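Here are my notes on this entry. Please read them alongside the sequence and the coordinates.

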Number of protein chains: 2
Amino acid sequence: MLHDPAQLDLMFQALADPGRRRMVERLSRGPASVSELAEPLDMSLSAVMQHLHLLETSGLVVSEKIGRVRTCRIEPKALGDVERWISERRRSWEGRLDRLGDFLAETAPGEEKGGKT
Amino acid sequence: MLHDPAQLDLMFQALADPGRRRMVERLSRGPASVSELAEPLDMSLSAVMQHLHLLETSGLVVSEKIGRVRTCRIEPKALGDVERWISERRRSWEGRLDRLGDFLAETAPGEEKGGKT
DNA sequence: GCATTAGTTAAGTAAGCACTTCAGTGTTTC
DNA sequence: GAAACACTGAAGTGCTTACTTAACTAATGC
């Protein structure tokens, strides 16, 4: 249920490459074949295959081959795992800031709005 | 205002490394000095410096040196940019699925589960 | 059945990364 | 003011990555 750190690692690594991110972007608009994914990418089909394999290993993308065409789609649950990791960290930090704000407000009641700069 | 693709690239790349992610994780619980960041990481201080530099270049972390101690903290806005990129893709896909569901429900009212292979 | 299409695999290469060590710099402590 | 501390920078090393080309397999189209 929770994020397996190893899997999370693969997913972040997969998203680190701009080409792979463009593939994910394309897939977020709907399923696509390998050639469709490759088309806007200015690299060999072979290279796209390798990126695709990485995306599949990470769990971000799944694909199925019918006849001679492999159709790829996004796995939103995996994308959600990455999103959650980031969200948790951001909110942990922001929660800290809030509590700090409360503390300051209580401790120095005469200076409530002083926090500009 | 929107995500600069180059910056986004740096941020995803920064988060791709497990060590750097542990640094972000540590910082999400509050500011820390370089040595504090290094302490749980089983690598030289120099290596941590290099990771820190990358995190700063990406915009995810900011730091300030006072005396001989450099104190680092998270930049939640940057983390939010990454979060938003992912969230937009996930929701784009999920929106697609919803519309597809509506379409199927309207088109084949008697055969809701009819999409058998 | 032969050419075309769509994908797959293997091997090789160049560049990038994650470290290391070591030799500094500026700060504090005594 | 010497020693300890907290970091900084440069250079080097070995591993990983992103790509390429080329040879191959399996559907389709005619």
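1. DNA strand C is surrounded by 19 residues. The closest are Ser35(A), Ser44(B), Ser46(B), Ala47(B) and Gly67(B). Keep in mind that this is a predicted model.

2. Which elements supply the surface near DNA strand C? Chain A gives helix H3 (34-38), helix H4 (45-58) and strand E3 (69-74), and chain B gives H4; each supplies at least two residues. By class, this surface near DNA strand C has eight polar, six nonpolar and five charged residues.

3. H4 of chain B also packs inside its own chain. The axes of helix H1 (residues 5-15) of chain B and helix H4 (residues 45-58) of chain B come within 8 Å. They cross at roughly 150 degrees. Angles over 145 degrees count as roughly antiparallel, so H1(B) is roughly antiparallel to H4(B). The crossing of H1(B) past H4(B) is left-handed.

4. Who makes that contact? H1(B) contributes Leu10(B), Met11(B) and Ala14(B). H4(B) contributes Leu54(B), Leu55(B), Thr57(B) and Ser58(B). The contact of H1(B) with H4(B) has five nonpolar residues, two polar ones and no charged ones.

5. Now the protein-protein interface. On chain B, 25 residues are in contact with 25 residues of chain A. H1, helix H2 (18-28) and helix H5 (76-107) of chain B each give two or more residues to the side that touches chain A. H5(B) gives the most, with 13 residues.

6. What is the class make-up of the side of chain B that touches chain A? It has eleven nonpolar, eight charged and six polar residues.

Technical notes. Residues numbered from 1 in each chain as written. Chains lettered and ligands numbered in written order. Predicted model: local features only at pLDDT ≥ 70, side-chain atom pairs only at ≥ 80, totals over all residues. Axes fitted to C-alpha atoms, helices over the stretch in contact; angles between N-to-C directions. Helix = DSSP H or I, 4+ residues; strand = E, 2+ residues; numbered from the N terminus. Parallel < 35°, antiparallel > 145°, perpendicular 65-115°, else oblique. Left-handed = near helix turned anticlockwise from the far one by under 90°. Contact = placed C-beta atoms within 7 Å. Nonpolar A, V, L, I, M, F, W, Y, C, P; charged D, E, K, R; others polar. Near = placed C-beta within 6 Å.
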